[in-house]
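Here are a few exercises to work through with the model open in your viewer. Have a go at each task before you read the solution.

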Amino acid sequence: MTFVIIFSNYQANYQILTGGAINRKLFLSLFLVLFGISSHAQAARPTPFATTNQNPLIAIYGLPAADSSEILPAQETEVQLRSDIANSCSISSANDEDIVLDGETYRTRLRLKRGIGHNLEVGIELPYISHTGGFLDGFIDNWHTSFGFPEGERNNLDRDQLNYSYTRSTTQIDLHRNEAGFGDISLTGGWQIKNTENTALALRTSLKVPTGDADKLTGSGGSDLAIWISGSQTTPKSDISGFAAIGGLWLGEGDVLAKQQNKIVAFGTLGASWQAYRQLALKVQCDGHTAFYHDSSLRELGESAQLIIGGTVDISSETSLDLAISEDIYVDSAPDVTFHLALTTRF
């Protein structure tokens with residue numbers, strides 16, 4: 001198989017359906033052109049990438065990844081170790097607000113899930129978070145220079161520094177030194193609504209409890225409850241399948257910008273998977289959510305949309321590896337770039 005990968009990045013002004021011009025940086029992404037395939041692999045049930053918005057002021061809450069539309073069979077266990085490296089670089093001011101998000105955040109999660117009965121599943125997620133100045137600024141700068149991509153605010157900031165700060169009349173967030181620690185633990189559950197040959201629907205829920213530290217931005221200081229539906233659709237004898245999720249997140253009273261915190265956030269995922277080979281699926285998905293904070297004109301605190309592109313390699317019948325990269329298609333609402341890796345095995 002021969003393939004060609006073409007990346008392009010450009011600025012576009014356009015009108016959204018509700019009216020109003022929004023200037024968004026579109027990272028358009030990945031084109032793969034395949035030649036010489038004599039037969040197609042049957043599409044397996046698609047699973048979304050297990051990543052969310054890694055904005056350091058958003059990821060402290062219980063925003064869940066879409067997760068699979070299939071509940072684990074009874075007595076089957078799944079273990080997933082996943083890591084996200086997020087590089088942020090944004091400076092914004094509006095009215096009496098000023099925000100700087102410049103740094104890198106590493107989030108590593110260990111997730112355990114088990115089928116416990118007929119169409120039921122329980123699980124737990126244990127996160128470890130590290131905020132640092134990082135090492136990717138030089139690489140990203142060189143990438144932008146080589147391909148003529150815009151630098152944004154990067155020319156105005158020192159490389160590999162950590163500065164997560166927010167000021168509104170007074171300084172409310174001020175993180176300049178490296179911090180690390182365990183984050184907020186999440187308890188998860190799932191129930192299979194439907195599972196036919198081509199369609200699957202699962203009702204999922206998660207409860208995030210405040211075991212992290214709000215002062216270090218490793219937690220929010222409150223408990224959050226999420227409920228959502230994950231679905232997938234395959235087509236017989238086709239190598240293309242789709243997946244989606246939609247749900248709501250109820251935020252408990254936290255310690256980070258508490259006076260501006262919203263109580264309810266809606267979120268969703270829409271994506272497609274292409275079974276290029278029997279052991280390789282290429283996937284693209286778009287994640288979005290409404291604002292976690294109110295009374296703010298800053299995109300960093302508002303609604304978000306990000307594009308995630310990558311693939312899943314089946315190492316064996318029980319083990320798979322996800323590799324993906326995400327970009328903030330609604331500029332500054334998510335990190336400039338996030339690298340995602342997840343290793344999953346079942347037994």
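**Exercise 1.** Find which strands each supply at least two residues of the lining of the largest pocket, and work out how that lining divides into nonpolar, polar and charged residues.

*Solution.* Keep in mind that this is a predicted model.
- Start with the space itself: the largest pocket holds about 700 Å³.
- Next, look around its centre. The lining has 31 residues, and the closest to the centre are Arg-45, Thr-47, Thr-312, Asp-314 and Ser-320.
- Now go to the strands. At least two lining residues come from each of β3 (77–94), β4, β13 (264–277), β14 (280–289), β15 (304–314), β16 and β17.
- Finally, sort the lining by type: 13 residues are polar, 12 charged and 6 nonpolar.

**Exercise 2.** Locate Asn-119 and Asp-332 and look at their phi angles.

*Solution.*
- Recall the background: most residues other than glycine have a negative phi.
- Asn-119 isn't a glycine, yet its phi is positive, about 65 degrees. You'll find Asn-119 in the loop between β4 (97–117) and β5 (120–132). Its relative accessible area is 28%, so Asn-119 is partly exposed.
- Asp-332, also not a glycine, has a positive phi of about 75 degrees. Asp-332 sits in the loop between β16 (319–328) and β17 (337–346).

**Exercise 3.** Is Cys-89 buried or exposed, and how many disulfides are there?

*Solution.*
- The cut-off for buried is under 20% relative accessible area. Cys-89 comes in at 7%, so Cys-89 is buried.
- Cys-286, at 30% relative accessibility, is partly exposed.
- For a disulfide, two cysteine sulfur atoms must lie within 2.5 Å. The count by that rule is 0.

Key: Residues numbered from 1 in each chain as written. Predicted model: local features only at pLDDT ≥ 70, side-chain atom pairs only at ≥ 80, totals over all residues. Heavy atoms only, no water. Buried < 20%, exposed > 50% of the residue type's maximum accessible area, 1.4 Å probe, protein only. Helix = DSSP H or I, 4+ residues; strand = E, 2+ residues; numbered from the N terminus. 1 Å grid on protein atoms, 1.4 Å probe; cavity = no way out; pocket = protein on both sides within 12 Å on 5 of 7 lines; lining within 4 Å. Points joined across faces, edges and corners; volume = space filled by probe spheres on them. Nonpolar A, V, L, I, M, F, W, Y, C, P; charged D, E, K, R; others polar.
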